[in-house]
Amino acid sequence: MALKDSTTGNVIRDYSIEQLRDAANLMRGYDLLALCAAGSGHAGGTLSVMDITAALYLHAANHDPHNPSWPDRDRIVWSAGHKAPSLYLGLAFAGFCPLDDVVTLRKLNSPFQGHPHWLKLPGVEISTGSLGQGLSISVGMALAARLDGKYHKIFCLMGDGEQQEGQIWEAAMEAGHFHLDNIVGIVDCNRLQIDGWVKDVMQVEPLSDKYSSFGWEVLRIDGHDMNQIVDAFQKARAVVGKPVVILADTIKGKGVSFMENQAGWHGKPPNREQLDAALEELGIGERIPVDSLLDKAKNYQAAVERKLQSKMPRFSRDYWWNAGDNMKVKMEPTRKGFGQALAQNGDDERVVCLGLDISGSITISDFYSGKPERASRWISMGIAEQSATSAAAGMAREGKLPVLGSYATFSAARNLDQIRTSVCYPNLNVLIAGAHAGVSVGPDGATHQALEDLFAMQGLPNMSVVVPCDIVETRKATSYLLLEHVGPKYIRFAREATPIVTDEKTPFVFGQANVIRLRGETANFADAFETRLAVDYKNESEDLSIVAIGPMVPEAMRAARILKLEYGYETRVLNLHTLKPIDAEALIRAARETGVVVTAEEHQIGALAWRVSSILTESRQLYGLHLITGAIGVKDRFGDSGAPWEMIKELELSAEHIAQKAVELMTFKKNSVAAGSLAIK
Ligand SMILES: Cc1ncc(C[n+]2csc(CCOP(=O)(O)OP(=O)(O)O)c2C)c(N)n1
């Protein structure tokens, strides 16, 4: 058991217990430093798992940092992907990657993504981030090893809240059934998750009895006692005929008094003062070159920004949000509109909100906060998106108005079959929130950026889909969907603060697009535009149309301004907040009356673009007419860690990119007009 040279079989370094303790302590310091430099990330759960990490990477696992894909190495699967920084530090301390580089954590194109990605960093065994999948991956690896006649171990690190995912228990059953004695599961039992104590959110104990009953050998240890950790790994290696799980009792935030046992430190980084205080408490302030590493992070970030800037389309001046003296915009997180609507409308006794352990962040907790009379209608379901979806269907069948939500990728993809079969097929009245959608979770990275959810949601029969453009529209849309709309419904909104471009008076009618027109330059951006229901709008023979959804609506408005001031073009912006049922009439009119249509979606290209194209190509009113179309959206790639606005630039979704595409299309329009072949009517 050790760090090994895979060619000679020699031990590279044999750590004593004392040295492992010291390494874990130092790793805690580097962890907090990287989180501080990133400005986001998970302090609590990385600190709780650090002693185990040090023992695993520096002592228990057989692997070779100079040959990360050595076929006989032990595999380490980091199922609790949000604890990525501890994994990175395990790798760095073992010599797989330079320690100093970890400070680029969560920055654009860094190998140290918000959640681990094996294609970016040698030594990372597999990509994770959606909880509950690592044990199944380990089962697959263990079965493959058996088929290949190999005897390496597969270590799988999980959280205790993560045990709420049903998939864990499918994998536990499989490992027991197949007697996979090459699997060693480790559960970081720090007793906390995001919404609070695990026992209150959704009790998972007694884990020992549960794993035993599935045919596992169970070892329960103090996860901060290095002797016990090392001993447990040794015992686990010797077990024959069944899988082993090490249940490690730990303290979330271990080592830093103000973080210990605090749910609030789950997904929070320390600021500089807190970092200094933490390093002091850990007794390692002198041993880490804090300033030079923070400088390294700053320089990396500056290079990212320069590169992004050099990729941006250029115009005669800077049109970025709030760059000038006028056309100022206020920004607020769109998600807050969801919480406001639940707070306002939650007195209806039929409304029941289901928690999926991300409640404060997506604002679903606003339903009950300060309202004890609603407590019984707030039901915490744990990290169990699939079961909660079907449970919501059961409630709806009994006349309730259930609401559930999580990161859009977990509330609309993880549970897709449950939405399809339990909710949509029986046509039940369930409101699903796809929160933190698109690139708005930025540094969390690709696993958490829902860029595909709208394909599935709009493809489901009976499902209605609304993608509001700002906090105000999110509030209106949530209120409408919650109490008035009957049937399956999906609302998608962002985490990040985005421009507020509507107000109380702006029309919002489910299923009907709004037309937005730039009318001049004003102090406030939103005041410069006039918005009408598309049905009430009279053709002004604009040069082009931009059809946008969600946070791309403000970008489309900004593009309209760029096009007017730089080229004199008039733009009809269509806010297509209801993607399904879609306002086909407004689209067909825009196409017919302007001849040029650009779609803009913060999603893989197609949820909007292909839907719009199919409407236009199937419209009899447009048969035989010449149309010029273009699409802005994500071009068949995954996201990356990076600030949300950086991701908008990186994925070429900004107003500047929309304007550039429009200018390109306008060249074709001019030629077509000259040739007399355009659709304009
Ligand atoms: C499928 C899925 N649902 C939700 C999340 C969001 N999430 C990230 S960490 C976390 C809590 C995990 O709790 P636990 O396993 O106890 O980890 P720890 O408290 O040790 O950080 C949640 C809900 C996710 N990453 N994946």
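Modeller: Two strands pair if DSSP finds at least two bridges between them. Strands (E, at least two residues) and helices (H or I, at least four) are DSSP runs, numbered from the N terminus. This is a predicted model, in which local features need pLDDT of at least 70, side-chain atom pairs count only at pLDDT 80 or more, and totals for chains, interfaces and linings use all residues. Residues are numbered from 1 along each chain as its sequence is written, and side-chain values use heavy atoms, with hydrogens and water left out.

Biologist: Which residue in S17 stands opposite Arg517?

Modeller: Glu530 does. Strand S16 (residues 514-518) runs antiparallel to S17 (residues 529-533), joined by five bridges. S16 also pairs with S19 (residues 571-575), antiparallel over three bridges, and there Ile516 has Val573 as its bridge partner.

Biologist: Which way do the residues of S16 point?

Modeller: In a regular strand the side chains alternate between the two faces of the sheet. Here Asn514, Ile516 and Leu518 point one way, and Val515 and Arg517 the other way.

Biologist: At what angle do H10 and H11 pack?

Modeller: Axes are lines fitted to C-alpha atoms, for helices over the stretch in contact, and angles run from 0 to 180 degrees between N-to-C directions. H10 (residues 272-282) and H11 (residues 290-311) pack at about 140 degrees, with axes 13 Å apart.

Biologist: Which residues of H10 and H11 meet?

Modeller: Contact means heavy atoms within 4.5 Å. Arg272, Leu275 and Leu279 in H10 meet Val290, Asp291 and Leu294 in H11.

Technical notes:
Buried means under 20% relative accessible area, exposed over 50%, partly exposed in between (1.4 Å probe, protein chains only).
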